[in-house]
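Biologist: Good morning. Could we go through this chain together, beginning with the overall picture and then turning to single residues?

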Amino acid sequence: NPAELKRAIRAEMTLGSLFERYLSNHAKRHKRTWKYDESMFRLYLSHWSERRISSITRREVQALHGSLGEERGHHQANRVFAMLRTVYEKGREWKYAGENPCIKMKKFHESSRDRYLQKEELPFFFDAVHDESNEDAQDLLLILLYTGARKSNVLSMAWKDVSLDLQLWNIP
């Protein structure tokens, strides 16, 4: 029935409304980085906000991914691409029957970046830490440096987990 098809197209969600649903039903509940997702959508995908989700093609997504890779770098392009793919996959969980234009597309290769303080940089680092006006930030940086512990472990550290006599910190 052609009229039924037209009604289905008119009732289809826009990318903006699907993203809002993704944000409220998934990202805000399960991700600490939901504000980053919101920012990426506003910066890089808002021009597709009013478009029906079935109207966005794989070729358009590839073109956007390529241009972001050139303009903003491979890492940022891959993050935007991964978020868009996740938004579409959540839409499919919520009964969107269309195709995800991000499926079977390749991301840019990203090189891992490890950076260590060099011996000659240490005095400058310690000077910067001691010049920090926030004493809590000073203490946090020094504990992180001296223990090599994860930030989340240090931030959840409690006196009951520390034995000064034994010079021991029990990380629960």
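**Overall picture and details**

Modeller: Of the 172 residues in the chain, 28% count as buried. Please keep in mind that this is a predicted model.

Biologist: How many helices and strands are there in the chain?

Modeller: The chain has eight helices and two strands. Along the sequence, they follow the pattern α-α-α-α-α-α-α-α-β-β.

Biologist: And how spread out is the chain?

Modeller: The radius of gyration is 23 Å, well over the 16 Å that the globule rule gives for 172 residues, so the chain is more spread out than a compact globule. Taken along the principal axes, the C-alpha atoms fill a box of roughly 80 × 40 × 30 Å.

Biologist: What about contacts between residues at least 24 apart?

Modeller: If we take the contacts between residues at least 6 apart in sequence, 54% of them join residues at least 24 apart.

Biologist: Let us turn to the helices. At what angle do α4 and α5 pack?

Modeller: Helix α4, residues 58-71, and helix α5, residues 74-93, pack at an angle of about 150°, with their axes 7 Å apart. The cut-off for roughly antiparallel is an angle over 145 degrees. The two helices α4 and α5 are therefore roughly antiparallel to each other.

Biologist: Which residues make that contact?

Modeller: On the α4 side they are V61, H65, L68 and G69, and on the α5 side they are H74, A77, N78, V80, F81 and L84. The residues of this contact of α4 with α5 divide into six nonpolar, four polar and no charged.

Biologist: H65 is in that list. Is H65 buried or exposed?

Modeller: H65, which is found in helix α4, counts as buried at 7% relative accessibility. Leaving out residues up to four places away in sequence, H65 touches A77, N78, F81, K106, K107 and F108.

Biologist: Now to α2 and α5. How do their axes cross?

Modeller: The axes of helix α2, residues 15-30, and α5 come within 10 Å and cross at roughly 85°. Angles of 65 to 115 degrees count as roughly perpendicular. Helices α2 and α5 are therefore roughly perpendicular to each other.

Biologist: Which residues make this contact?

Modeller: From α2 come L15, L18, F19, Y22 and H26, and from α5 come M83, L84, T86, V87, Y88, K90 and G91. The residues of the contact of α2 with α5 divide into eight nonpolar, three polar and one charged.

Biologist: What does H26 contact beyond its neighbours in sequence?

Modeller: Leaving aside neighbours within four places in sequence, H26 is in contact with R21, K31 and K90. H26 lies in helix α2 and counts as buried at 15% relative accessibility.

Biologist: There is another histidine to consider, H75. Where does H75 lie?

Modeller: H75 lies in helix α5. With a relative accessible area of 39%, H75 is partly exposed. The C-alpha atoms of H75 and F108 are separated by 7.7 Å, although the two residues are 33 residues apart along the chain.

Biologist: A change of topic, then. What is the relative accessible area of L45?

Modeller: The relative accessible area of L45 is 0%, and L45 is buried. The cut-off for buried is under 20% relative accessible area, so this value falls within that class. The place of L45 is in helix α3, residues 34-45.

Biologist: Which residues does L45 touch?

Modeller: Not counting residues up to four places away in sequence, L45 touches L15, M40, L64, V80, M83 and L84. L45 and L84 are 39 residues apart in sequence and 8.6 Å apart in space, C-alpha to C-alpha.

Biologist: Finally, the loops. What is phi of K104?

Modeller: Phi of K104 is near 65°, a positive value in a residue other than glycine. K104 has its place in the loop between α5 and α6, the latter being 122-131, and at 82% relative accessibility K104 counts as exposed.

Biologist: And where is Q167 found?

Modeller: Q167 is found in the loop between β1 (162-163) and β2 (168-169). Phi of Q167 is near 55°, a positive value in a residue other than glycine. At 73% relative accessibility, Q167 counts as exposed.

Terms used
Residues numbered from 1 in each chain as written. Predicted model: local features only at pLDDT ≥ 70, side-chain atom pairs only at ≥ 80, totals over all residues. Heavy atoms only, no water. Axes fitted to C-alpha atoms, helices over the stretch in contact; angles between N-to-C directions. Helix = DSSP H or I, 4+ residues; strand = E, 2+ residues; numbered from the N terminus. Parallel < 35°, antiparallel > 145°, perpendicular 65-115°, else oblique. Contact = heavy atoms within 4.5 Å. Nonpolar A, V, L, I, M, F, W, Y, C, P; charged D, E, K, R; others polar. Rg over C-alpha atoms; globule rule 2.2 N^0.38 Å. Buried < 20%, exposed > 50% of the residue type's maximum accessible area, 1.4 Å probe, protein only.
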